[in-house]
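Welcome! Please take a moment to look over the sequence and the model before reading on. The report below walks through the fold step by step.

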Amino acid sequence: MFKNVLLVEDIDSVGHGVAHKLRQEAQISTVVLAQYCDEAYLKFKKAEQDGTPFQLIITDLSFREDHRQRQLTSGEQLILKLQDQGSQVPTIVYSVDERPAVIRRLLAYTNVKAYILKDRNGIQNMIKAVAAVSEGNSYTQAEVDVILTKKEVFTLQDYDISLLGMLSQGLTQEQISAIFREKGKTPSSLSSIEKRLNRLKEELSAHTTIQLVAQAKDLGLI
């Protein structure tokens with residue numbers, strides 16, 4: 001079983017409640033709470049430097065804005081930043097977000113081993129998930145299985161995610177084409193990008209590029 005866990009949760013009462021249950025029912029001796037993703041990142045890196053690395057991360061996805069300036073504004077950004085730096089620490093998401101695309105993306109492309117919904121059985125599912133992940137397994141609660149069986153409007157490819165991501169950053173199609181060519185990503189021609197965007201607009205019922213990016217964000221595709 002895990003002995004050193006990083007819990008990232010901005011709501012004080014929820015964080016302390018989950019931490020108490022993890023210590024009491026999952027027999028985790030050390031649960032370190034962080035209320036901001038930037039704070040969590042710093043604590044994660046310091047624990048590595050001190051030779052007491054975290055064995056598990058449990059994080060929410062959404063964090064309320066306040067007066068504090070932030071670089072990492074979501075749990076997904078935290079997960080991706082740590083993963084980009086080579087971390088293989090397993091992660092459990094504890095969230096109210098029920099968008100199938102978000103859940104699929106995290107389970108398929110990140111170190112997330114369990115996705116737990118914040119519902120009336122959330123804590124108990126969390127305890128089960130911790131036990132499963134500590135044994136090297138993944139865990140899927142029944143309610144998440146049901147969500148994942150829902151048919152999505154459109155399933156994006158990695159190419160589409162890159163394309164939409166750069167559009168959301170304000171890059172033009174010409175700039176994206178140049179970046180794709182530089183990185184060796186195909187197809188990279190301007191005409192191919194235009195054709196793919198037209199297909200995406202059709203699938204997501206968008207008339208303009210701005211609407212396309214907005215639709216993709218609303219659906220949790222990017």
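Two strands pair if DSSP finds at least two bridges between them. Helices (H or I, at least four residues) and strands (E, at least two) are DSSP runs, numbered from the N terminus. The model is a predicted one, so to speak plainly about its limits: local features need pLDDT of at least 70, side-chain atom pairs count only at pLDDT 80 or more, and totals for chains, interfaces and linings use all residues. Residues are numbered from 1 along each chain as its sequence is written, and side-chain values use heavy atoms, with hydrogens and water left out.

**The overall picture**

The protein has ten helices and six strands. Its C-alpha trace spans about 60 × 40 × 35 Å along the principal axes. Of its 222 residues, 44% count as buried; buried means under 20% relative accessible area, exposed over 50%, and partly exposed in between (1.4 Å probe, protein chains only). A contact means heavy atoms within 4.5 Å. Among contacts between residues at least 6 apart in sequence, 65% join residues at least 24 apart.

The six strands form an open sheet with parallel pairing, in the order 2-1-3-4-5-6. Strand 2 (30-34) and strand 6 (139-140) stand at the edges with a single partner strand each, so one side of each has no neighbour in the sheet.

| Strands | Bridges | Opposite residues |
|---|---|---|
| Strand 1 and strand 3 | four | Leu6 and Ile57 |
| Strand 4 (residues 91-95) and strand 5 (residues 112-117) | five | Thr91 and Val112 |

Helix 3 (residues 75-84) packs on this sheet, where it touches strand 1 (4-8), strand 3 (56-59), strand 4 and strand 5. The direction of helix 3 makes about 155° with that of strand 3. Helix 4 (residues 100-109) lies across strand 4 and strand 5, and runs at about 155° to strand 5. For these angles, axes are lines fitted to C-alpha atoms, for helices over the stretch in contact, and angles run from 0 to 180 degrees between N-to-C directions.

In a regular strand the side chains alternate between the two faces of the sheet. In strand 3, Leu56 and Ile58 point one way while Ile57 and Thr59 point the other way, and all are buried.

**The cores**

A nonpolar core is a set of buried Ala, Val, Leu, Ile, Met, Phe, Trp, Tyr and Cys residues joined through side-chain atoms within 4.5 Å. Which residues have the most contacts inside the largest core? They are Leu22, Leu56, Ile58, Ile92 and Val130, in a core of 23 residues. Strand 1, helix 1 (12-25), strand 2, strand 3, strand 4, strand 5 and helix 5 (122-134) each supply at least two residues of this core. Helix 5 gives the most, with six residues. Leaving aside residues up to four places away in sequence, Val130 touches Met1, Phe2, Leu22, Ala26, Ile28, Leu56, Ile58 and Ile92. A second, separate core has 18 residues, among them Ala101, Leu163, Phe180 and Leu212.

**Spaces inside and at the surface**

On a 1 Å grid over the protein atoms alone, a cavity is a set of points where a 1.4 Å probe fits but cannot get out, and a pocket is an open set with protein on both sides within 12 Å along at least five of seven lines; lining residues have an atom within 4 Å of a point. Grid points are joined across faces, edges and corners, and a volume is the space filled by probe spheres set on the points.

A search of the whole structure finds one cavity of 30 Å³ or more. The largest cavity has a volume of about 50 Å³, and its lining includes Ile57, Leu78, Thr91 and Asn111. Helix 3 supplies the largest share of that lining, four residues.

The largest pocket has a volume of about 650 Å³. Of its 21 lining residues, Glu76, Leu80, Arg105, Leu106 and Ile222 lie nearest its centre. Helix 3 also gives the most to this lining, with five residues.

**Two backbone details**

Most residues other than glycine have a negative phi, and most peptide bonds are trans. Gln27, in the loop between helix 1 and strand 2, has a phi near 60°, a positive value. At 51% relative accessibility, Gln27 counts as exposed. A cis peptide bond, with omega about -5°, joins Thr186 and Pro187. Pro187 lies in the loop between helix 8 (173-183) and helix 9 (190-203).
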